[in-house]
Amino acid sequence: IRDGRVIMLRLGGSIVQAILFANIFASVSDEKSLSRSLADRVALLTFGVISMSIMAVMKTLDLFAKEKSVVMREQMRSNYSSLEYLLAKVVAEIPLDSFFALVFVTILKKLTGLRTSAVTLVKTYCLMTVASVSLGFAIGSVASSSVESAMSLGLPIVVIFMVVGVINPSGIDLEDQPNQVLKWLKVASPIKWAVEALVTAEFRGMVFGEKDRGRWGQLKDLPKMGALSFVQDGEQVLRNLGLGDATYSDIMEKLAILSG
């Protein structure tokens, strides 16, 4: 651990973000109705993935760019190969990045009423963090040796992956397929796979407790617009979001491939 100050700042950032998200999406609570919190559950999981992914990518780019000139000089002296350097960085950096994701998830689970188990949340966020670090390594390897150029290249790529990775709240028409470029961008986005894995785990098997309160109670709490309007249960939520046939394990396999 070379920079304790940066580590403490990242740790504090992870804690503050978890507390902030829990307060912003306050309807995701055990004390409040499931149907009223549908949109907030999707948003909470999505913003959590985006924030942790950006932190992992930006940190990796910064570190990779600072070390690139030194690494190239030492490789010219045949001190070690590129593969050996990458393996060493994986061993050194990924456990620490996964720790920040673990802290974030632990606090988020404690402060909210997410249905997804703590184990599933930890697995998904940690694997997403690994995939984001791998993305940072890939971007940093083609950028020049300056931190500014690495960030200038990395930030637009992360934004693109974020845009193609979020779930459209108006719903998805499975018959309206994206073009090939957009399809490949979606495949390469760790944000997309992490969001879909978490949303699938959260809504699969969800049953609204308001069914015992009468028809008016159900209608009053349900969203009135978009893909979540007047849905009956979690399975219908997933169908409207284009994830009706999705399984958590299959999505995680795709995320694992991106992680290398």
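A residue is called buried when its relative accessible area is under 20%, exposed when that value is over 50%, and partly exposed in between. By this rule Glu202 is buried, because its relative accessible area is 0%. The model described here is a predicted one.

**Overall architecture**

- The protein chain contains ten helices and zero strands.
- Read from the N terminus, the order of elements is α-α-α-α-α-α-α-α-α-α.
- Of the 260 residues in the protein chain, 46% are buried.
- Among contacts in the protein chain with a separation of 6 or more, 77% are between residues 24 or more positions apart.

**Nonpolar cores**

- The largest nonpolar core consists of 50 residues. The residues with the most contacts inside this core are Leu38, Val49, Met52, Phe104, Tyr125, Val199 and Phe203.
- At least two residues of this core come from each of the helices α1 (4–24), α2 (38–76), α3 (82–111), α4 (118–142), α7 (190–203), α9 (234–240) and α10 (248–258).
- Helix α2 provides the largest share of this core, namely nine residues.
- Another core, of nine residues, lies apart from the largest one, and its members include Leu61, Leu135, Ile139 and Val158.

**Salt bridges**

- Side chains of opposite charge can pair when their charged atoms come close. In this model the count of salt bridges comes to five.
- Which residue forms a salt bridge with Glu202? The partner is Arg41, and the closest N and O atoms of the two are 2.6 Å apart. Glu202 belongs to helix α7 and Arg41 to helix α2, so this pair ties together parts that are 161 residues apart in sequence.
- Is Arg41 buried or exposed? Arg41 is buried, because its relative accessible area is 1%, and Glu202 is buried with a value of 0%.
- Asp97 and Lys59 also meet in a salt bridge through their side chains, at 3.1 Å from N to O. Asp97 is in helix α3 and Lys59 is in helix α2, so the pair ties together parts 38 residues apart in sequence. Both Asp97 and Lys59 are buried.
- A further salt bridge joins Arg204 and Glu235, whose closest N and O atoms are 2.7 Å apart. This pair links distant parts of the chain, since Arg204 lies in the loop between α7 and α8 (215–221) and Glu235 lies in helix α9, 31 residues apart.
- Arg204 counts as partly exposed because its relative accessibility is 29%. Glu235 is likewise partly exposed, with a relative accessible area of 26%.

**Aromatic residues**

- Four aromatic pairs are found in the whole structure.
- How are the rings of Phe21 and Phe104 arranged? Their centres are 6.1 Å apart and their planes stand at 85°, so the pair is edge-to-face. The cut-off behind this reasoning is that planes over 60 degrees apart count as edge-to-face.
- Phe21 in helix α1 and Phe104 in helix α3 are 83 residues apart, and their pairing links distant parts of the chain.
- Phe21 counts as buried because its relative accessibility is 10%, and Phe104 counts as buried at 0%.
- Phe21, Phe104 and Tyr125 together form one aromatic cluster.

**The surroundings of Phe161**

- Phe161 is located in helix α5 (residues 147–165). At 9% relative accessibility, Phe161 counts as buried.
- Which residues does Phe161 contact, leaving aside its neighbours within four places in sequence? The contacts are with Leu135, Leu185, Ala188, Ser189, Pro190 and Ile191.
- Ile191 is 30 residues from Phe161 in sequence, and the two are 6.6 Å apart in space, C-alpha to C-alpha.

**A nonpolar surface patch**

- Ile15, Ile19 and Leu111 make a nonpolar surface patch of about 230 Å².
- Ile15 is part of helix α1. Ile15 counts as partly exposed because its relative accessibility is 30%.

Methods:
Residues are numbered from 1 along each chain as its sequence is written. This is a predicted model: local features need pLDDT of at least 70, side-chain atom pairs count only at pLDDT 80 or more; totals for chains, interfaces and linings use all residues. Side-chain values use heavy atoms; hydrogens and water are left out. A nonpolar core is a set of buried Ala, Val, Leu, Ile, Met, Phe, Trp, Tyr and Cys residues joined through side-chain atoms within 4.5 Å. Buried means under 20% relative accessible area, exposed over 50%, partly exposed in between (1.4 Å probe, protein chains only). Helices (H or I, at least four residues) and strands (E, at least two) are DSSP runs, numbered from the N terminus. A salt bridge is a side-chain nitrogen of Lys or Arg within 4 Å of a carboxyl oxygen of Asp or Glu. Patches are made of residues with over 30% relative accessible area and no salt bridge: like charges are joined within 9 Å, nonpolar side chains (Val, Leu, Ile, Met, Phe, Trp, Tyr) within 5 Å. Accessible areas come from the Shrake-Rupley method with a 1.4 Å probe; for residues, only the protein chains shown count as cover. Contact means heavy atoms within 4.5 Å. Rings of Phe, Tyr and Trp (its six-membered ring) pair if their centres lie within 6.5 Å; planes under 30 degrees apart count as stacked, over 60 as edge-to-face and the rest as tilted.
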